[in-house]
Structure formats: C-alpha cells, structure tokens
Amino acid sequence: MEYLKDDPVKLNETKDAVVIIDQRKLPQETVHLELKTAEEMYDAIKTLAVRGAPCIGVFAGYCMAVLSKGEKTGNTADFSGIMKEHAKRLNSSRPTAVNLSWALNRQMRVIEDMKDSDAGIISAALFDEAERIHEEDISMCLKISENGLSLLKNGDGILTHCNAGALATTRYGTGLGPLLLGKERGFEFRVYSDETRPLLQGARLTAYELAKAGIDVTVICDNMANLCMSEGKINAVLVGCDRVAANGDTANKIGTSGLAVLAKHHGIPFYVLGPYSSIDKNCRTGKDIKIELREGSEISTMWYDTPLTVEGAKYYNPSFDVTDHSMITAIITDKGILRPPFDDSIGKAV
Ligand code: MRU
C-alpha cells in the first residue's frame with residue numbers, strides 16, 4: 001500500500017535531522033518537521049508530534065544518532081557523558097511506553113561497547129543501530145499483522161481504540177496491522193474506531209489511516225462501545241500496547257481497560273498486539289507500570305474556543321490505563337500468539 005511507505009520517522013538526506021510527520025496536525029494537514037536539537041526532539045515526544053510506542057522507539061534511536069553527529073568532542077569519555085545526558089532527557093519526556101527506554105538503552109549499549117573508539121566511529125555505529133531498530137520494527141509489524149490476521153474472518157466487525165497503525169509504528173502497525181494487511185489480501189472488514197478522548201487519536205489518525213487504505217471505518221464516541229457490542233456489530237477488539245508486564249497486564253491508551261471488561265461481558269475476543277520490545281519483564285504486574293498524567297487543558301480547552309466547563313472545575317487526565325491480564329484473550333506479538341497463562345507464555349517467548 002503506497003501510503004504506508006511514508007514512514008512517520010526517518011532521517012533527512014544529510015543525516016543531521018530526524019524528519020517526522022507532525023501528528024498534531026493530522027488529518028487536516030500533512031506537515032513534516034526536521035528536528036535537530038535534543039530540546040526539539042524532547043518536545044516532539046512530549047506534545048505527541050511523534051507518538052505511538054514503537055514509533056517513539058524508532059524515533060529515539062535516530063535522535064541519538066543525529067545528536068551524536070553534532071558532538072564534536074574528540075574525548076570518548078566526554079562524548080559518552082554527553083550522550084548519556086541526551087538519553088536521560090529524552091527518556092524523561094513520557095514514562096509509560098517502554099519502547100522509548102528500550103531504544104535509548106540499545107544506543108547507550110553501543111556507546112559502552114565501543115568505549116575505546118573515537119567519537120566519529122561511535123557516531124557511525126549509532127546510525128547503523130538506529131537503522132537496525134527501524135528495520136526490525138518494520139519486520140516485527142509485518143509478523144504481528146500476519147499473526148493477527150490468522151485470527152480474523154473476512155467481513156468481521158472490529159473495534160479499535162487510539163491509533164496503533166502505520167503512524168504509531170513504521171509500516172503496517174500493530175493493532176491495525178491485520179486490517180491493513182488483510183485489505184491488501186482482499187479481506188473486507190468493518191472497523192469501529194473509538195474517537196479516543198481527550199487527544200482523539202482514533203477520530204483523527206485511525207480514521208485517516210483506514211480511510212486512506214480504503215477500509216470501511218465508522219468513528220464512534222468512546223461511550224458507544226457497549227451499545228455496538230450488544231448490537232452484534234463487533235467480532236473482535238484489536239488494540240496496541242505501551243508496556244506489557246511479565247504477567248500479561250497491559251498498559252495502553254486510557255479507556256482500553258474498560259473495553260476489555262465490556263468485551264469479556266459480551267464474549268468478544270480482546271486482542272492486544274505489540275512487538276516483543278513492548279514486554280517489560282522488569283514489571284512483574286501492571287502495578288509496576290508508571291502511568292503518564294497529562295495537562296487538564298487537553299480536556300478543557302484543546303478542542304474548544306472557550307473552556308468546556310465552569311471555572312474552578314478540576315481535571316484528571318491519565319493518559320493510559322492497565323488492562324488486567326484476565327481480560328485479555330491473547331497477546332499477539334512478532335514471536336507468536338501468546339495465550340493465558342501469560343506469565344508462562346511470555347516467559348517462554350521473550
Ligand atoms: O499517547 P499515544 O498516542 O502515544 O498512545 C498510543 C497508544 O496508546 C497506542 O495504542 C500504543 O502506543 C501502541 S501503538 C502501536
């Protein structure tokens with residue numbers, strides 16, 4: 001599919017900037033940004049110009065490479081110290097998706113393993129590693145999509161939440177991967193996309209991607225999922241993930257856990273899709289996953305000319321929630337379809 005080839009993250013020709021599609025502007029405008037400094041990169045993650053767990057990981061890999069090129073110091077110890085500071089700063093931008101620290105740690109390992117080399121040679125190795133992270137993401141997404149598609153039937157009604165497509169990864173995506181791959185193979189799905197308050201990734205990004213791919217998409221408000229399920233419109237729920245604990249508890253966009261409870265009530269399979277790099281065995285359960293809290297203005301004023309509610313009202317804006325492993329039918333990864341008991345299947349796969 002042609003549009004999948006415009007990766008949301010890549011290097012510019014001179015390899016001194018990371019180029020992203022500014023996802024804050026979609027679907028109205030497709031704007032590319034060239035990011036050169038650590039602060040520009042930090043802001044891009046923080047404000048969701050670049051977003052989606054795997055995509056943030058690919059982005060972080062390239063950021064480290066580009067930042068290393070700008071560091072002129074010939075002293076390897078100084079170079080390593082500066083790069084550590086960049087990694088720390090980028091890692092502090094958003095806490096929940098494990099792919100960010102995973103990619104930064106990969107790049108820091110390259111630096112540590114080459115500590116006797118000069119900075120220019122290490123920088124070249126960081127570019128190679130960033131390309132590898134990117135290539136791996138493309139092939140993981142394809143495998144996840146194949147695995148997910150094997151569980152679906154032509155004509156299925158699918159509910160999805162947030163955006164776990166090509167914009168959130170590179171190429172097919174995770175949660176949307178089976179749908180995009182299926183479309184290429186002649187499957188026709190009916191997709192219901194939760195709008196996903198407060199940042200509307202479902203209404204803005206998922207609907208955009210699916211419509212571009214020619215897939216039948218219906219946008220619903222987040223509180224309409226139960227009715228759609230009870231009306232028999234939904235055969236499966238497909239969502240992405242930001243961090244999966246060793247027992248299968250899964251952090252994903254706020255609202256995901258409620259969908260899982262509803263799906264269980266209606267006897268509808270609830271599938272989480274993500275690469276093995278989203279599994280964090282350092283988190284024993286979901287209680288160990290840090291949930292990002294964001295500004296209340298995303299609820300009150302972001303989409304309105306005047307504030308939505310009365311002055312003095314408070315806002316609570318957690319960006320993710322944790323779905324209990326008991327609500328999940330399967331976790332679909334590039335390493336296979338993991339079924340309960342997840343501590344066992346995750347333990348064997350990763
Ligand atoms: O806050 P976002 O838009 O970065 O949240 C994204 C999600 O919750 C996705 O479902 C998740 O990162 C998986 S993307 C393949």
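Which helix and which strand each supply at least two residues of the shell around the ligand?

1. The model is a predicted one. In it, helix 2 (53-70) and strand 9 (250-253) each contribute at least two residues to the shell around the ligand.

2. The ligand is surrounded by 19 residues, and the closest are R51, A53, R94, N252 and K253. Sorted by class, the shell comprises eight nonpolar, seven polar and four charged residues.

3. A polar side-chain atom of N252 is 2.6 Å from a ligand oxygen atom. For K253, an N or O atom of the side chain lies 2.8 Å from an oxygen atom of the ligand, and for Q201 the corresponding distance is 2.9 Å. The ligand taken alone exposes 410 Å², of which the protein buries 100%.

4. The largest cavity is the space taken by the ligand. Both domain 1 (2-142) and domain 2 (151-348) give residues to the shell, and the ligand therefore lies between them.

5. Two cis peptide bonds deserve mention. One joins L26 and P27, with omega about 5°; P27 is in the loop between strand 2 (18-21) and strand 3 (32-35). Another runs from P340 to P341, with omega near 0°, and P341 is in the loop between strand 14 (336-338) and helix 11 (342-349).

6. L48 is not a glycine, yet its phi is positive, at about 65°. This residue, L48, belongs to the loop between helix 1 (38-46) and helix 2.

Definitions and conventions: Residues numbered from 1 in each chain as written. Predicted model: local features only at pLDDT ≥ 70, side-chain atom pairs only at ≥ 80, totals over all residues. Heavy atoms only, no water. Near = heavy atom within 4 Å. Polar contact = N/O pair within 3.5 Å; in protein donor to acceptor, adjacent residues only side chain to side chain. Areas by Shrake-Rupley, 256 points an atom, 1.4 Å probe, with all protein chains shown as cover. 1 Å grid on protein atoms, 1.4 Å probe; cavity = no way out; pocket = protein on both sides within 12 Å on 5 of 7 lines; lining within 4 Å. Sits in = over half its atoms within 2 Å of the grid points. Helix = DSSP H or I, 4+ residues; strand = E, 2+ residues; numbered from the N terminus. Nonpolar A, V, L, I, M, F, W, Y, C, P; charged D, E, K, R; others polar. Domains from an automatic or database assignment.
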